[in-house]
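Me: I have a chain open here and would like to go through it with you. Could you take my questions one at a time?

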Amino acid sequence: MSTALDLAEQFQVSLVGDGSLLLEGLAPLEKAQPNQISFLSNPLYRKTAADSSAGALIVSQADLDFLQQEPGSQLQSRVYFVAKNPYATFARFAQSFAQLRAPVYKPGVHGSAVIDPQAMVPASCHIGPFVHIGAGVILGERVVLLGNSTIARNAKIADDTLIYPNVSIYSDITIGKRCIIHSGAVIGADGFGFAPDFSATGGEWVKIPQTGTVVIGDDVEVGASTTIDRGAMSNTIIGSGTKIDNQVQIAHNVIIGSCCVIAGCAAISGSTKIGHFCIIGGAANFAGHLTIADRTTVSGNTSIIRSITEPGQHFTGVYPSMLHSAWEKNAAILRGLDKIRQRLRLLDKRNSAE
């Protein structure tokens with residue numbers, strides 16, 4: 001529980017109203033109670049915000065001005081946190097309250113864990129049951145490894161990283177500070193590299209040794225059952241601040257810039273380079289050896305088969321991909337195709353009659 005004034009000072013936002021109000025957590029506009037905080041980031045929900053029972057709202061200055069003009073004593077007595085980005089401020093508030101309820105992983109090593117004598121495991125780490133840590137592994141301070149995870153030889157995991165159960169970290173992988181790796185993730189499996197050697201009488205796919213590694217920056221989150229393959233000869237690289245959803249496939253030698261977000265079931269083929277601050281929708285897929293400019297947005301289920309060189313564009317379409325603005329025009333035409341067909345049939349009948 002925190003006072004409104006404490007929260008405003010902690011997150012450096014303006015406070016309008018009673019700073020002594022005690023607040024216990026966050027809730028949606030429709031369900032929030034007088035001791036809870038909600039947020040308004042879309043003007044379409046102003047009426048819902050006005051009717052909400054929330055004791056405090058995170059709002060923009062424009063939304064505050066609108067709400068304070070609405071009649072009703074509740075609106076006038078409510079506490080407001082005024083922020084330039086209410087949604088991001090809500091996320092930071094939520095982190096603060098979540099930390100109060102988060103599990104506490106005490107330092108120590110479970111008796112069933114297996115740690116190679118050549119591994120470096122600081123006393124501040126938490127090593128859960130049936131964890132295996134190989135030779136040459138180096139863990140930073142306060143690393144948490146939960147049950148049944150495997151950290152293979154020579155892997156390096158920096159300070160304050162949390163690895164959930166049943167994660168596999170292959171050899172020589174580097175993971176930065178404050179990362180979160182969710183259950184079932186596999187980092188560093190072999191990339192899919194095979195050379196064809198066939199003749200008229202037979203042949204084989206010759207495996208190409210995958211001798212690179214994976215380097216993950218700081219503050220990266222990797223979703224459940226996501227796979228990040230090691231490089232063939234150079235490295236697969238995930239930039240700091242990037243957030244990856246569940247069941248994403250990142251192939252060998254892919255380079256992803258800083259602060260990208262990649263939604264579930266996306267697939268990025270080998271040697272593709274994604275710029276910084278890119279947004280990739282669910283089930284989007286990329287051909288190999290492409291270069292994607294900074295701040296590119298790719299809608300869900302979109303197939304990218306060519307490089308994107310101009311920053312800040314939005315692409316949509318199953319096949320082929322196109323600028324989002326062009327896709328919207330074509331989608332409008334598709335909705336009217338039946339009417340267009342009827343008109344063409346009438347024109348054909350008239351032409352035949354003439």
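Me: What is H252 in contact with, leaving aside its neighbours within four places in sequence?
Reply: With those neighbours set aside, H252 is in contact with G191, F192, G193, Q210, D229, R230, G231, A232, T236, G270 and S271. Contact here means heavy atoms within 4.5 Å. Please note that this is a predicted model, in which local features need pLDDT of at least 70 and side-chain atom pairs count only at pLDDT 80 or more, while totals for chains, interfaces and linings use all residues. Residues are numbered from 1 along each chain as its sequence is written, and side-chain values use heavy atoms, with hydrogens and water left out.

Me: Where does H252 lie?
Reply: H252 lies in the loop between β28 (249-250) and β29 (255-256). Helices (H or I, at least four residues) and strands (E, at least two) are DSSP runs, numbered from the N terminus.

Me: Is H252 buried or exposed?
Reply: H252 counts as buried, because its relative accessibility is 16%. Buried means under 20% relative accessible area, exposed means over 50%, and partly exposed is in between (1.4 Å probe, protein chains only).

Me: Turning to α5, how many residues does it have?
Reply: Helix α5 (residues 86-101) has 16 residues and reaches 23 Å from its first C-alpha to its last, close to the 22 Å expected at 1.5 Å a residue. The expected span is 1.5 Å times one less than the number of residues in the helix.

Me: Which residues of α5 are buried?
Reply: P86, T89, F93, S96 and F97 are buried in α5. These residues cover an arc of only 90° around the axis, so they are on the same side of α5. The arc is that of the directions from the helix axis to the C-beta atoms.

Me: And which residues are exposed on the other side of α5?
Reply: On that other side, Y87, Q95, Q99 and R101 are exposed.

Me: What do the buried residues of α5 pack against?
Reply: They pack against α1 (4-11) and against the strands β3 (22-23), β4 (25-26), β5 (36-39), β6 (56-59) and β7 (79-82).

Me: What is the order of the open sheet with 5 strands?
Reply: The order is β2-β7-β6-β5-β4, and the pairing is mixed. At the edges stand β2 (14-16) and β4, each of which pairs on one side only. Two strands pair if DSSP finds at least two bridges between them. β4 pairs with β5 in the parallel sense over 2 bridges, and G25 stands opposite Q36 in β5.

Me: What about the sheet of 12 strands, which of them stand at the edges?
Reply: That open sheet runs β8-β10-β13-β16-β19-β24-β27-β30-β33-β36-β38-β39, with mixed pairing. β8 (108-109) and β39 (322-323) stand at its edges; each has a single partner strand, so one side of each is left without a neighbour in the sheet. The pairing of β8 with strand β10 (residues 126-127) is in the parallel sense over 2 bridges, and V109 has I127 as its bridge partner in β10.

Me: New topic: how many disulfides does the structure hold?
Reply: The structure holds 0 disulfides, a disulfide being counted as a pair of cysteine sulfur atoms within 2.5 Å. C179 is in no disulfide, and the nearest cysteine sulfur, that of C259, is 12 Å away. C179 is buried, with a relative accessible area of 1%.

Me: Which phi value does N148 have?
Reply: Phi of N148 is near 70°, a positive value in a residue other than glycine. N148 lies in the loop between β13 (144-145) and β14 (150-151) and is partly exposed, with a relative accessible area of 43%.

Me: And N301, what is its phi?
Reply: N301 has a positive phi of about 65°, although it is not a glycine. Its place is in the loop between β36 (297-298) and β37 (303-304), and at 46% relative accessibility N301 counts as partly exposed.

Me: Finally, what does the secondary structure of the protein chain come to?
Reply: The protein chain has 7 helices and 39 strands. Of its 354 residues, 39% count as buried.
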